[in-house]
Amino acid sequence: MKLKTIANTVENITGVNIFEQTRRRDVIELRSMVNTYLSKTLNMKLMAIVNDYKKNGYNTTHPSVIHSINTYPTHSFYNRDLELIYESLLNDTKLNILNKIQNLTPEQVEKVEAIISE
């Protein structure tokens, strides 16, 4: 569950839970950044992103993810901190390792995350 790991990293940096069911600007902007990261950097399919959100208890749809990705440039233009957080995600060793290992089952990913976290 790459999304859970990314969400935990974002929450450690910002203190904001992206799985919160709200329309607060800070949550929406961070969710937009995470969706962009998942789509562009990790090359996840949109439905895989939606399914990952559902596994984590957040209800979203395919069009919502598309809209979120499309609005990220606007969010990052007005909130420069988003780019800094995005860069920190790109430089996070744990996330880079998970990105390199593409064909693992969710159980295997959890085992790798447990090893990295130790």
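## Pocket and helix packing

The second largest pocket has a volume of about 260 Å³. This is a predicted model, in which local features need pLDDT of at least 70 and side-chain atom pairs count only at pLDDT 80 or more, while totals for chains, interfaces and linings use all residues. Residues are numbered from 1 along each chain as its sequence is written, and side-chain values use heavy atoms, with hydrogens and water left out.

**The pocket.** Fifteen residues line the second largest pocket, and I28, R31, Y58, S64 and S68 are the closest to its centre. A pocket here is an open set of points on a 1 Å grid where a 1.4 Å probe fits, with protein on both sides within 12 Å along at least five of seven lines; lining residues have an atom within 4 Å of a point. Its volume is the space filled by probe spheres set on the points. Helix 2 and helix 4 (62-78) are the elements that give two or more residues to this lining. Helix 4 gives the most, with six residues. By class, the lining holds three nonpolar, 10 polar and two charged residues. Asp, Glu, Lys and Arg count as charged; Ala, Val, Leu, Ile, Met, Phe, Trp, Tyr, Cys and Pro as nonpolar; the others, Gly among them, as polar.

Helices are DSSP runs (H or I, at least four residues), numbered from the N terminus. Axes are lines fitted to C-alpha atoms over the stretch in contact, and angles run from 0 to 180 degrees between N-to-C directions.

| Pair | Angle | Axes |
|---|---|---|
| Helix 1 (residues 2-14) and helix 2 (residues 25-41) | roughly 140° | within 11 Å |
| Helix 1 and helix 5 (residues 81-90) | about 130° | 11 Å apart |

Helix 1 and helix 2 are therefore oblique to each other. Angles under 35 degrees count as roughly parallel, over 145 as roughly antiparallel, 65 to 115 as roughly perpendicular and the rest as oblique. The crossing of helix 1 and helix 2 is right-handed, meaning that the near helix is turned clockwise from the far one by less than a right angle. L3, I6, V10 and T14 of helix 1 meet L30, M33, V34, Y37 and L38 of helix 2; contact means heavy atoms within 4.5 Å. Eight of these residues are nonpolar, one is polar and none is charged.

Helix 1 and helix 5 are likewise oblique. Their crossing is right-handed. Helix 1 brings I6, T9, V10, I13 and T14 to this contact, and helix 5 brings I85, S88 and L89. The classes are five nonpolar, three polar and no charged.
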